[in-house]
Amino acid sequence: MTPTTASFSSVIPKKIRVIGVPLDLGQSRRGVDMGPSAVRVAGLEARLEALGHMVEDGGNVSVAIAEQKKEGHPHAKYLKEITATCVKHAELMIKTLESGKVPIVLGGDHSVAAGTVAGVAEFYRRQNQKIGLIWIDAHSDINTPELANILNFSPKVSPENCVLVGVRDIDAVEKENVRQAGIEVFTMRDIDERGMRTVMEEALRMAGRGTAGYHISLDMDWVDPEDAPGVGTPVRGGATYREAHLAMEIIADHGRMLSFEIVEVNPVIDEHNRTAELAVELTLSAFGKKIL
Ligand code: MG
């Protein structure tokens, strides 16, 4: 654990590439394909640059739209299309990391993470290093077995370096899957009882143990719908505005984040783009913005 010694307003400048993945084939409610635009409109690039970072926008990964495609099996309707997108996206992640840039991925639904994690894990695997994964989400949709084989290696992340934070909506089958996967889970109850700071410090320690660092996958539905109404699947009882910022600030303090991802912003059900605005604010906190 690295205690923060940075004085106020000092941010270590990073080279960042923003990558949009407007995928909404992984879920039934439509609209998260507009997430990347909504987050760009909320000023992501300019506000990161104002913080001292160098940002380039890598555009969007091309994605099939539902209307073009025939549905497959009801439980994984567009698996072929999702896999094709994730493979392209994973290759772009590798190129981005090879060029020394930190990727910020804008979803899209959470299935984009299969591509993100595959790409980051593969880049570090080529250097004989492992990565950790912090999955911050109301749900436990971390396990999509059909997508686990992207880039033909698995597991992408060892279970002991994989941490789920903020879960509050989980069915019996998912509970069993999570237990069997052997990954660490901090539920909203853990956050209520032990506080965000303790939970995040533990989560980062687990993800960071023996790894090059970790990928942060942030599903905006983790935040309470009070502050983030425009998400794929809103569930009450989420993190407060300040808890969410604190979690991101602690991530920035530790300085070991390899890549960052915001998913499930849905402008169709949002209120004047406030969920995308919050997504930008949280990204700024994760990239070093401090109150003082
Ligand atoms: Mg999710």
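The exercises below concern the magnesium site and its surroundings in a predicted model.

**Exercise 1.** Find which residues coordinate the magnesium ion, and where His 110 and Asp 219 lie in the chain.

Solution.
1. The magnesium ion is coordinated by ND1 of His 110 and by OD atoms of Asp 137 and Asp 219, at 2.1 to 2.3 Å.
2. Along the sequence, the spacing of these donor residues is H-x26-D-x81-D.
3. His 110 sits in the loop between β3 (102-107) and α4 (112-125), while Asp 219 belongs to strand β7 (residues 214-219). The two are 109 residues apart, so this pair links distant parts of the chain.

**Exercise 2.** Decide whether His 110, Asp 219 and His 139 are buried or exposed.

Solution.
1. The cut-off for buried is a relative accessible area under 20%.
2. His 110 has 4%, so His 110 is buried.
3. Asp 219 has 1%, so Asp 219 is buried.
4. His 139 has 11%, so His 139 is buried.

**Exercise 3.** Describe the surroundings of Asp 137.

Solution.
1. Asp 137 lies in the loop between β4 (132-136) and β5 (162-167).
2. Asp 137 is buried but has no salt bridge: Arg 168, the nearest side chain of opposite charge, is 7.0 Å away. A salt bridge requires the charged atoms to be within 4 Å.
3. The side chains of Asp 137 and Trp 135 form a polar contact of 2.9 Å.
4. Beyond four places in sequence, Asp 137 touches residues including His 110, Asp 219 and Trp 222.

**Exercise 4.** Find which side chain makes a polar contact with that of His 139.

Solution.
1. His 139 is also in the loop between β4 and β5.
2. The polar contact is with the side chain of Asp 169, at 3.3 Å.

Key. Residues numbered from 1 in each chain as written. Predicted model: local features only at pLDDT ≥ 70, side-chain atom pairs only at ≥ 80, totals over all residues. Heavy atoms only, no water. Donors = N, O, S within 2.8 Å, 3.2 Å for Na, K, Ca; no water. Helix = DSSP H or I, 4+ residues; strand = E, 2+ residues; numbered from the N terminus. Buried < 20%, exposed > 50% of the residue type's maximum accessible area, 1.4 Å probe, protein only. Lys, Arg positive; Asp, Glu negative; His and termini not counted. Polar contact = N/O pair within 3.5 Å; in protein donor to acceptor, adjacent residues only side chain to side chain. Contact = heavy atoms within 4.5 Å.
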